[in-house]
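Subject: Structure handover

Hello,

Here is the structure for your files. Please open it next to this note, which goes through what was found.

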Amino acid sequence: MEIKKQQNKPPQTAVLRQILRRCSGLGREKEQQEGLPVDVPKGHFVVYVGENRSRFIVPISYLDHPEFQGLLRQAEEEFGFEQHMGLTIPCDVVAFRSLTSALR
């Protein structure tokens, strides 16, 4: 009988929440200091999609969907966790809209 050591790796949902916490505050302090509107409602976050980095505001509840988690894994593989220009999803805009409309 082989006993496997349990790694101290946080579960995927914990990792996703850490990413969200980092991304949800990006630029917010600067926007409030400059008097610019903060257009992201509570319970939502911003992602950028496609070659032209189209901006989408999506609900946090999308993090629970396996299809959206797959997009986040692709983003991690392509860009890593240190995305300084916002959370970018490596996906075609049409495919992203199709996926998110199915999640509603």
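**A charge over a ring**

Arg53 sits over the face of Tyr48, at 4.4 Å from the ring centre. The rule here asks for NZ of Lys or CZ of Arg within 6 Å of the ring centre and within 35 degrees of the ring normal.

Before going on, note that this is a predicted model: local features need pLDDT of at least 70, side-chain atom pairs count only at pLDDT 80 or more, and totals for chains, interfaces and linings use all residues. Residues are numbered from 1 along each chain as its sequence is written, and side-chain values use heavy atoms, with hydrogens and water left out.

Back to Arg53. Its place is in the loop between S1 and S2. Helices (H or I, at least four residues) and strands (E, at least two) are DSSP runs, numbered from the N terminus. The phi angle of Arg53 is near 55°, a positive value in a residue other than glycine. Arg53 is partly exposed, with a relative accessible area of 29%. On this scale, buried means under 20% relative accessible area, exposed over 50%, and partly exposed in between (1.4 Å probe, protein chains only).

**The overall picture**

The protein has four helices and three strands. Along the sequence they follow the pattern α-α-β-β-α-β-α. Of the 104 residues, 30% are buried. The accessible surface comes to about 7,800 Å², and 50% of that belongs to carbon and sulfur atoms. Areas come from the Shrake-Rupley method with a 1.4 Å probe; for residues, only the protein chains shown count as cover.

Contact means heavy atoms within 4.5 Å. Take the contacts between residues at least 6 apart in sequence: 49% of them join residues at least 24 apart.

Helix H3 (residues 66-79) packs with helix H4 (residues 93-103) at an angle of about 145°. Their axes are 10 Å apart. Axes are lines fitted to C-alpha atoms, for helices over the stretch in contact, and angles run from 0 to 180 degrees between N-to-C directions.

From H3, the contact uses Glu67, Phe68 and Leu71. From H4, it uses Phe96, Leu99 and Leu103. By class, that gives five nonpolar, no polar and one charged residues. Here Ala, Val, Leu, Ile, Met, Phe, Trp, Tyr, Cys and Pro count as nonpolar, Asp, Glu, Lys and Arg as charged, and the others, Gly among them, as polar.

**Aromatic pairs**

Rings of Phe, Tyr and Trp (its six-membered ring) pair if their centres lie within 6.5 Å. Planes under 30 degrees apart count as stacked, over 60 as edge-to-face and the rest as tilted. By this rule there are four aromatic pairs.

One is Phe45 with Phe68: the ring centres are 6.2 Å apart and the planes stand at 80°, so the pair is edge-to-face. Phe45 lies in strand S1 (residues 44-49) and Phe68 in helix H3, so the pair ties together parts that are 23 residues apart in sequence. Phe45 is buried, at 3% relative accessible area. Phe68 is buried too, at 0%.

Phe56 and Phe96 form a tilted pair, 4.9 Å centre to centre with 55° between the planes. This pair also links distant parts of the chain: Phe56 is in strand S2 (residues 54-59) and Phe96 in helix H4, 40 residues apart. Both residues are buried.

Which residues form one aromatic cluster? They are Phe45, Phe56, Tyr62, Phe68 and Phe96.

*Phe96.* Its relative accessible area is 0%. Leaving aside neighbours within four places in sequence, Phe96 is in contact with Val47, Val49, Phe56, Val58, Phe68, Leu71, Ile89 and Cys91. Phe96 and Phe68 are 28 residues apart along the chain, with their C-alpha atoms separated by 9.3 Å.

*Leu103.* This residue is buried, at 13%. Not counting residues up to four places away in sequence, Leu103 touches Tyr62, His65, Glu67 and Phe68. Tyr62 is 41 residues from Leu103 in sequence and 7.2 Å away in space, C-alpha to C-alpha.

*Val93.* This residue is buried at 19%. Beyond neighbours within four places in sequence, Val93 is in contact with Val49, Gly50, Ser54 and Phe56. Val93 and Arg53 are 40 residues apart in sequence and 8.9 Å apart in space, C-alpha to C-alpha.

Best wishes
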